[in-house]
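Dear colleague,

Please find below the structure that I promised to pass on to you. My notes on it follow directly after.

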Amino acid sequence: LSERLGGVFDRLTKQGSLSDEDVKTALREVRVALLEADVSLPVARDFVKAVQEKATGQAVTKSITPGQQVVKIVHDALIDTLRGEGEPGALKIDNPPAPILMVGLQGGGKTTTTAKLAKRLKERDGKKVLMASLDVNRPAAMEQLAILGVQIGVDTLPIVKGEDPVAIAKRAKTQASMGGYDVYMLDTAGRLSIDEELMQQVEAVRNVANPRETLLVVDGLTGQDAVHTAQNFDDRIGITGVVLTRMDGDGRGGAALSMRAVTGKPIKFVGLGEKMDALETFEPERIAGRILGMGDIVALVEKAQETIEAEQAEKMMKRMAKGQFNMNDLRMQLEQMIKMGGMQGMMGMMPGMGKMAKQVEASGFDDKILKQQIALIQSMTKKERANPALLQASRKKRIARGAGMEVSELNKLLKMHRQMSDMMKKMGKMGKGGMLKQAMK
Ligand code: GDP
Ligand code: MG
């Protein structure tokens, strides 16, 4: 993938600007690349279409090539799609005993994941966990879970020969209630492919157990099939999350994107090996990097974007030191403040502003006000921004109206600008080794 994209983006680079056609050409290749990473065809198609809409008309960051910019856009969109709502790796397991149903095809990693997750719940969350195998099809399957249970120090439901899955689920529920367990996990049987009998069996178990979480365990290396599987299980059983196993293999893990796109359900964990602690919370950034395989370029673009911000800040600092602090500078400051976690965060970092930061905090200054102030500045003409002294009554009225605010609001902004500008001048006068110079370092 890396090579393929690299070629396309080199071509883009030489043209110097990101035209409509460039985006299209690049994304055609991205689509092929996604398919090579085992993303399912319709998912790849939709993803590319969404990115195209996003990318078209986007400004290219100075000092990086348009090709690199496209990589970053694709990368960010991948992360967006991969990330579900809520906290990654979180499970709804209040109200003990909470049932967790594990479903999926045979060999996907259900039994292994059941034990891994039980261990995690026990060790991380201090939960008392009971595991039960409902796999009556393969005699060794129940033994397998029992052995893992001993290994990780988690109880398993005693095996009773000849019982059907529904009966086992009922017995697990009873045992979990009586034994004071927080969670009981139901490890179901799988088939090599989806069939009606499997679905009916899982449905029957679900109806009895009424699980708090139903996790679909899928081999992260399966390609097009994964989508079909996920769709079927979600339609019939209603899953609450996905676990992708075998992500320690060298596949690109395109199934992750397919899963998210098709089910809309969060990917909660990834399996990274056969060992009992090889289970991790799903990290969209990591998987996105892997599917795209262009981490270097993404890092480069991020760095370039940071550098530009730093350069702009430095220029502003220099102008401020000379007593030239205009409305454009103030706007940049305000935008920075929003980015840096509001007014307090920003001012706390500036020399001599600690006190002001406290006042600001006390006055309940928040992002909404920052945004209003930016709107006021946007409503000024170029000349007015460069020279706020121009602002007389009639201009003020026009500006305030343009931003949908009162003149009094604008006056507050101007007062703040004057105060900051005075302070900058004072700091600038402190000479060569002065505070602003220090702050720039
Ligand atoms: P089940 O049929 O769905 O219950 O699948 P199992 O849990 O029995 O797993 C089938 C095989 O896959 C076993 O040999 C596991 O050790 C292996 N396995 C499960 N999860 C992972 C994983 O994340 N990485 C690797 N490398 N192997 C795994
Ligand atoms: Mg199994």
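Two strands are said to pair if DSSP finds at least two bridges between them. In this predicted model, Ala-132 has Leu-186 of strand β4 as its bridge partner. That bridge belongs to the pairing of β2 with β4, which is parallel and extends over five bridges.

The sheet

The strands β3-β2-β4-β1-β5-β6-β7-β8, in that order, make up an open sheet of eight strands with mixed pairing. Its edges are β3 (155-156) and β8 (279-281), each of which pairs on one side only. In general, the strands of a sheet pair through backbone hydrogen bonds, either parallel or antiparallel.

β4 also pairs with β1, in the parallel sense and over five bridges; here Leu-101 stands opposite Leu-186. Further along, strand β5 (residues 213-219) and strand β6 (residues 241-245) are parallel partners, again with five bridges, and Val-218 has Leu-244 in β6 as its bridge partner.

Two helices should be noted against this sheet. Helix α5 (residues 110-125) lies across β1, β2, β4, β5, β6, β7 and β8, and runs at about 170° to β4. Helix α9 (residues 224-236) lies across β1 and β5, at about 165° to β5.

Strand β4

Five of the five residues of β4 are buried, so the strand is largely enclosed by the rest of the structure. Val-183, Met-185 and Asp-187 point one way from β4, while Tyr-184 and Leu-186 point the other way. In a regular strand, side chains alternate between the two faces of the sheet.

Tyr-184 counts as buried because 29 C-beta neighbours lie inside 10 Å. Its contacts, leaving out residues up to four places away in sequence, are Pro-97, Pro-99, Leu-130, Ala-132, Ala-172, Lys-173 and Ala-176. Met-185, with neighbours within four places in sequence left aside, is in contact with residues including Ile-100, Met-102, Leu-117, Val-129 and Ala-132.

The nonpolar cores

Which residues have the most contacts inside the largest nonpolar core? They are Ala-132, Met-185 and Leu-186, in a core of 84 residues. Helix α4 (residues 66-82) supplies the largest share of this core, namely seven residues. Domain 1 (2-85) and domain 2 (98-282) both contribute residues, so the core lies between them. A second, separate core has 12 residues, among them Met-327, Met-380, Ala-403 and Leu-410. In soluble globular proteins, nonpolar side chains tend to be buried together.

Lys-92 is found in the loop between α4 and β1. With 13 other C-beta atoms within 10 Å, Lys-92 is partly exposed. Apart from residues up to four places away in sequence, Lys-92 touches Arg-212 and Glu-213. The C-alpha atoms of Lys-92 and Gly-249 are separated by 29 Å, and these residues are 157 residues apart along the chain.

An annotated segment

The unreviewed UniProt entry carries the annotation "domain: SRP54-type proteins GTP-binding" for residues 266-279. In the model, this span is 0% helix and 43% strand, and its end C-alpha atoms lie 16 Å apart.

Yours sincerely

Definitions and conventions: Residues are numbered from 1 along each chain as its sequence is written. Chains are lettered from A and ligands numbered from 1 in the order in which they are written. This is a predicted model: local features need pLDDT of at least 70, side-chain atom pairs count only at pLDDT 80 or more; totals for chains, interfaces and linings use all residues. A nonpolar core is a set of buried Ala, Val, Leu, Ile, Met, Phe, Trp, Tyr and Cys residues joined through C-beta atoms within 7 Å. A residue is buried if 20 or more other C-beta atoms lie within 10 Å of its own, exposed if 12 or fewer, and partly exposed in between; C-beta atoms are placed from the backbone. Helices (H or I, at least four residues) and strands (E, at least two) are DSSP runs, numbered from the N terminus. Domain bounds come from an automatic or database domain assignment. Two residues are in contact if their C-beta atoms, placed from the backbone, lie within 7 Å. Axes are lines fitted to C-alpha atoms, for helices over the stretch in contact, and angles run from 0 to 180 degrees between N-to-C directions. UniProt positions are given in the numbering used here, feature names are shortened, and annotations may be inferred rather than shown by experiment.
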